[in-house]
Amino acid sequence: MKTKEELRISKKKKFLKVCKTLRVCDSCLFKELVMMGDRSNDREMVEALCGGCPNYIEMRKVGDELWNTDTYLEAILEKKQDITTQEILMLLDEGIPKKRIREALGIRSAMEFRTFISGLVENERRLYQ
């Protein structure tokens, strides 16, 4: 199980990887072409000029990982079976896919997980009535 600190270190390494790829982009011949022109077609121009570059592909991949990673939520998921009821409900509220929560809890059956979640939600309703 990864600690919050280990997750932060992992995230920092990803940021450093993006910085490294940006240094390569700074020396690219296409840089001037990508950086000029009006802003309305920037994304299309970048994709057209850089889309096939292995450096750009790696940077996009790492960027997507960073964009979709919340260290706090990842730390909760790493707790596996020790995730509390409140944390499960919070993960659901935050939009974490049910499949990820189910896998973190070690529940193999989707049907079993649905029953489990329904019970949690029902208990939560009873507490606040």
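**Around helix α6**

Helix α6 is followed by Gly 95, a residue whose phi is positive, near 85°; helices here are DSSP runs of H or I with at least four residues, strands are runs of E with at least two, and both are numbered from the N terminus. The model is a predicted one, in which local features need pLDDT of at least 70 and side-chain atom pairs count only at pLDDT 80 or more, while totals for chains, interfaces and linings use all residues. Residues are numbered from 1 along each chain as its sequence is written, and side-chain values use heavy atoms, with hydrogens and water left out.

If one takes the contacts (heavy atoms within 4.5 Å) between residues at least 6 apart in sequence, 50% of them join residues at least 24 apart.

The axes of helix α5 (residues 71-78) and helix α6 (residues 85-93) come within 11 Å and cross at roughly 135°, where each axis is a line fitted to C-alpha atoms over the stretch in contact, and angles run from 0 to 180 degrees between N-to-C directions. Because of this angle, α5 is oblique to α6; angles under 35 degrees count as roughly parallel, over 145 as roughly antiparallel, 65 to 115 as roughly perpendicular, and the rest as oblique. The contact is made by Tyr 72, Leu 73, Ile 76 and Leu 77 on the α5 side, and by Glu 87, Met 90 and Leu 91 on the α6 side. Sorted by type, these residues are six nonpolar, no polar and one charged, where Ala, Val, Leu, Ile, Met, Phe, Trp, Tyr, Cys and Pro count as nonpolar, Asp, Glu, Lys and Arg as charged, and the others, Gly among them, as polar.

Within α6 itself, the buried residues are Glu 87, Ile 88, Leu 89 and Leu 91, and they pack against α5, α7 (98-105) and α8 (110-127). Glu 87, which lies in helix α6, has a relative accessible area of 14% and therefore counts as buried. When its neighbours within four places in sequence are left aside, Glu 87 is in contact with Ile 76, Lys 79 and Asp 82.

Technical notes:
Buried means under 20% relative accessible area, exposed over 50%, partly exposed in between (1.4 Å probe, protein chains only).
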